[in-house]
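Here is a short report for a reader meeting this structure for the first time. Please look over the sequence and the model before reading on.

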Amino acid sequence: MMKVFLAHRKAVSEFLQALMVAAALTAAFLLRFEFELSRDEWRMLAQVLPWVLAVKLAAFRLLGLPEVSWRKIGFADLTRLWMGTAAASLAWMLAAMFTVRVVVPRSIYALDLVLCMALLAGGR
């Protein structure tokens, strides 16, 4: 099992990051709407989640975040994670405004940024 994991380390890393990004966005929606999502809010989440995953994972890959160590992490790595997460969140916000055409409350962008950073840093 460990040999399979080590052979596909990058794919596992990106899969875990995708799970963390999805969890952060879902938690941001739940916090924003006080844990009571209506059908419209669930639909909004379902509409933006694929875009968020695509944009953030592409930004993470461009910035080299999947290569940040999962075992040992220092201040330089945390700074890199913070900058990468902020850039990915900005890219998602711009994509949501200009391409998705879904009106997402602004507080979700901020909540998602903080939660995504916490999950990515805490998961390492």
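## Burial and overall layout

Buried residues make up 36% of the 124 residues in the chain. Buried means under 20% relative accessible area, exposed means over 50%, and partly exposed lies in between (1.4 Å probe, protein chains only). This is a predicted model, in which local features need pLDDT of at least 70 and side-chain atom pairs count only at pLDDT 80 or more, while totals for chains, interfaces and linings use all residues. Residues are numbered from 1 along each chain as its sequence is written, and side-chain values use heavy atoms, with hydrogens and water left out.

The chain has 5 helices and 0 strands. From the N terminus on, its elements run α-α-α-α-α. Helices (H or I, at least four residues) and strands (E, at least two) are DSSP runs, numbered from the N terminus.

## Helix 3

Helix 3 covers residues 39-62. Its 24 residues should span 34 Å at 1.5 Å a residue, and the end C-alpha atoms are 35 Å apart, which agrees. The expected span is 1.5 Å times one less than the number of residues. A kink of about 30° lies at Val-48, shortly before the proline Pro-50. The bend at a residue is the angle between axes fitted to the seven residues ending there and the seven starting there. After helix 3 comes Gly-64, whose phi is positive, near 75°.

Which residues of helix 3 are buried? They are Glu-41, Met-44, Leu-45, Val-48, Val-52, Val-55, Lys-56, Ala-59 and Phe-60. An α-helix has 3.6 residues a turn, so residues three or four places apart point the same way. Leu-62 also lies in helix 3. Leu-62 is exposed, at a relative accessible area of 77%. Between Leu-62 and Ala-88 there are 10.0 Å in space, C-alpha to C-alpha, and the two are 26 residues apart in sequence.

## Salt bridges

How many salt bridges does the structure hold? There are 3 salt bridges. Each one is a side-chain nitrogen of Lys or Arg within 4 Å of a carboxyl oxygen of Asp or Glu. Arg-61 pairs with Glu-14, and their closest N and O atoms are 2.4 Å apart. Arg-61 lies in helix 3 and Glu-14 in helix 2 (residues 9-32), so this pair ties together parts that are 47 residues apart in sequence. Arg-61 is exposed, with a relative accessible area of 54%.

Arg-43 forms a salt bridge with Asp-40, with 2.9 Å between the closest N and O atoms. Both lie in helix 3, 3 residues apart, about one turn of the helix. Arg-43 is partly exposed, at 46% relative accessible area. Asp-40 is exposed, at 53%.

## Asp-112 and its surroundings

Lys-56 and Asp-112 meet through their side chains in a salt bridge (2.5 Å, N to O). Lys-56 lies in helix 3 and Asp-112 in helix 5 (residues 106-122), so the pair ties together parts that are 56 residues apart in sequence. Is this pair buried or exposed? Lys-56 is buried, and so is Asp-112. The relative accessibility of Asp-112 is 0%.

Not counting residues up to four places away in sequence, Asp-112 touches Val-21, Ala-24, Leu-25, Ala-28, Lys-56, Ser-89 and Trp-92.

## Aromatic pairs

Rings of Phe, Tyr and Trp (its six-membered ring) pair if their centres lie within 6.5 Å; planes under 30 degrees apart count as stacked, over 60 as edge-to-face and the rest as tilted. By this rule the count is 2 aromatic pairs. Phe-29 and Phe-33 form a tilted pair, 6.1 Å centre to centre with 35° between the planes. Phe-29 and Phe-33 are both buried.

The rings of Trp-92 and Tyr-109 have centres 4.7 Å apart and planes at 65°, so that pair is edge-to-face. Trp-92 lies in helix 4 (residues 75-100) and Tyr-109 in helix 5, so the pair ties together parts that are 17 residues apart in sequence. Trp-92 is buried, with a relative accessible area of 1%. Tyr-109 counts as buried too, at 9%.

Technical notes: Contact = heavy atoms within 4.5 Å.
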